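Q: I'd like to learn how to read a structure like this one, feature by feature. Could you walk me through it?

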Amino acid sequence: MLLPFYLGPAYVGFPSPASDYMEHPIDLNEHLIKNRTATFLLRAKGVSMIGACIADGAVLVVDRSMTPIHGDIVIASIDGDIVCKRLLLRPQAVLQSEHPDYPPIMISDCADVELMGKVTAVINQFK
Amino acid sequence: MTIALVDCESFYASCETVFRPDLKGKPVVVLSNNDGCVIARSIEAKQLGVAMGIPWFKIREDYLKKGGIVFSSNYAFYGDMSSRVMSILRSLCPKMECYSIDEAFLDMTDLASHYDLYEFGCYIRSVTKQWVGIPVRIAIGPTKTLAKVAAYQIKRRDLPSKVMIIDSHNRIDMLRSTPIREIWGIGSRLSHHLHGMGIDNAYALANSNIATMRKRFSVVIERMIRELNGEPCIGLEESPSPRKQIIVSRSLRSPITRVEEARMPLSNFVARAAEKLRSEYQHCQRMSIFIRTNRFSNHRQAYIADQQTFPVPTNDSRLMLRTANGMLNKIFRKGYRYSKLGVILDDCTLVSSVQGDLFLAQDTHASKLMQSIDQMNQKGARIFFASQHGTFSYPRNQQQVSQRYTTCWEELPTVS
């Protein structure tokens, strides 16, 4: 639990003018996660999504409760593998990498595709 | 009343496949602590004929040859997935009882007049599947016992929708096809007795004479009969009642023959049990220890146990360790190869509700000492008692444990 506390010393004489304006400290969870129950963290491996600012080793915030639409970055399982790609529905449904070396995956070519959730944020940490 | 029983399908096995889509359609089993027995099976593993509770070594070779997948139990992961499922259920129906790690009762009485129950059940199922990846079954009835009957019928009929409502139209039919041993709360002994009286399905029990049955058995069976007839007798326990019993026991990796070898693991189990007890603000009145040989080995068999009642309920590790080691010295017999031992704390009650003994001074120093030790250990210190020999890790033998996908930064699922 985060406990707010007053910045600065307690004033014996005149009370702190800040005491009426107490707010909670900023919480990153609140900013990054809208639906805690349906949100999972995954780790990106490789550079196939580097064009979308997803570096090797980045932490992906994935919300399974959101229905992905055209243009969203998604987590999908394709024939047993879990991948992170951009979902394009037009002109045809493809899962596209953000790196010139990785060709797009035509959804119609895969035997078994399941969208597992939408990537709502990426956390790249500098060493 | 309208009660729904929501239970997760092959829960542990389902958890293991959430981040492993490559396992879809394959037999998956999960083993108990120390990889002893099978405690969860995917549908495909059930179809292979793997029995619930069967010792792993008996099926291992054959099962793996058939392409089966095996996992050691990963409770850190299952616990997190369970709390996610429960939190979805609570958001859909606030009146709820978490019945076990993978089952909950929902009181849908207030919702029943606003929603089509069948559609609501399907909705619950689609939300848990989409949000957490865990499929659930929803069995709905006017009482808890009837909801349990409906749950059995979903399994028996292998309903693809996994939603079943028991009502006045289909009740008789459902009860007739529910064998007596499948009724909630009926164990093998009671079921044997009832068979002897010619009562072999739920319908026969529902129509038996309440007064006679109460006299012959107990009020428990009266409640069962009333519940089977649609009269609610067992309420929802919305706040979990404190645990009445704590058990800590493990199989040892290699068998022991001398009392000195038993002391260290036993002391560790007692210390762990005492810690659990205190973490729930409880005292216990009674402690038992047991030690036994491997049931599946060809050596001489022995199961010995002893118990002791404390004059005042306690959660003082020092007293409990002294008592446990005293019992161990008393009951230990040479000439056997023991492979499992454990400690059981009984009659656990909340500290605040303990009756003090006028003639035995309450030791407030003890509770302060225990509190300090627990706090330091939670922060990563290693305070232990001499008989524990400084080890907190009991021998674990888990070969196939999966990642702690949701509770450990180093073990997050990876994507390419």
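Q: Is Arg286(B) partly exposed or buried, and what is its relative accessible area?
A: Happy to start there, and please keep in mind that this is a predicted model. Burial is read from the relative accessible area: under 20% is buried, over 50% is exposed, and what falls in between is partly exposed. Arg286(B) has a relative accessible area of 21%, so this arginine counts as partly exposed.

Q: Which residue forms a salt bridge with Arg286(B)?
A: To call a salt bridge, look for a side-chain nitrogen of Lys or Arg within 4 Å of a carboxyl oxygen of Asp or Glu. Here the partner is Asp347(B), and the closest N and O atoms are 3.6 Å apart. The pair links distant parts of the chain, with Arg286(B) in strand β10 (residues 282-293) of chain B and Asp347(B) in strand β12 of chain B, 61 residues apart. Asp347(B) has 41% relative accessibility, so this aspartate is partly exposed too.

Q: In what order do the strands β9, β10, β11 and β12 of chain B lie in their sheet?
A: In chain B the order is β9-β12-β10-β11, an open sheet of 4 strands with antiparallel pairing. The edges are taken by β9 (246-256) and β11 (303-314) of chain B; each has a single partner strand, so one side of each is left without a neighbour in the sheet. On average, neighbouring strands of this sheet are turned by 15° against each other, direction ignored.

Q: How many bridges pair β9(B) with β12(B)?
A: Count the bridges between the two strands. For β9(B) and strand β12 (residues 338-350) of chain B there are 7 bridges, in the antiparallel sense.

Q: Why can strand β7 of chain B be called largely enclosed?
A: Check the burial of each residue along the strand. In β7 (residues 136-141) of chain B, 6 of the 6 residues are buried, so the rest of the structure largely encloses this strand. Both faces are covered: one side carries Val136(B), Ile138(B) and Ile140(B), the other Arg137(B), Ala139(B) and Gly141(B), and all of these are buried.

Q: Which strands pair with β7(B), strand β1 of chain B being one of them, and which strand of chain B runs parallel to β7(B)?
A: Look at the bridges and their sense. Strand β1 (residues 3-8) of chain B pairs with β7(B) in the antiparallel sense over 6 bridges, and Cys8(B) has Val136(B) as its bridge partner. Strand β8 (residues 163-165) of chain B runs parallel to β7(B), joined by 3 bridges. In that pairing, Ile138(B) stands opposite Val163(B).

Q: Where do Glu114(A) and Lys24(B) lie?
A: Glu114(A) is in strand β7 (residues 113-123) of chain A and Lys24(B) in the loop between α1 (11-18) and β2 (28-31) of chain B, so the pair joins two chains. Their side chains meet in a salt bridge of 3.7 Å, N to O. Glu114(A) is partly exposed at 31% relative accessibility, and Lys24(B) is partly exposed at 48%. Over all chains, the count of salt bridges comes to 26.

Q: How many helices and strands are there in chain A?
A: Take the elements along the sequence. Chain A has 1 helix and 7 strands, in the pattern α-β-β-β-β-β-β-β. Of its 127 residues, 35% are buried.

How values were computed:
Residues are numbered from 1 along each chain as its sequence is written. Chains are lettered from A and ligands numbered from 1 in the order in which they are written. This is a predicted model: local features need pLDDT of at least 70, side-chain atom pairs count only at pLDDT 80 or more; totals for chains, interfaces and linings use all residues. Side-chain values use heavy atoms; hydrogens and water are left out. Two strands pair if DSSP finds at least two bridges between them. Axes are lines fitted to C-alpha atoms, for helices over the stretch in contact, and angles run from 0 to 180 degrees between N-to-C directions. Buried means under 20% relative accessible area, exposed over 50%, partly exposed in between (1.4 Å probe, protein chains only).
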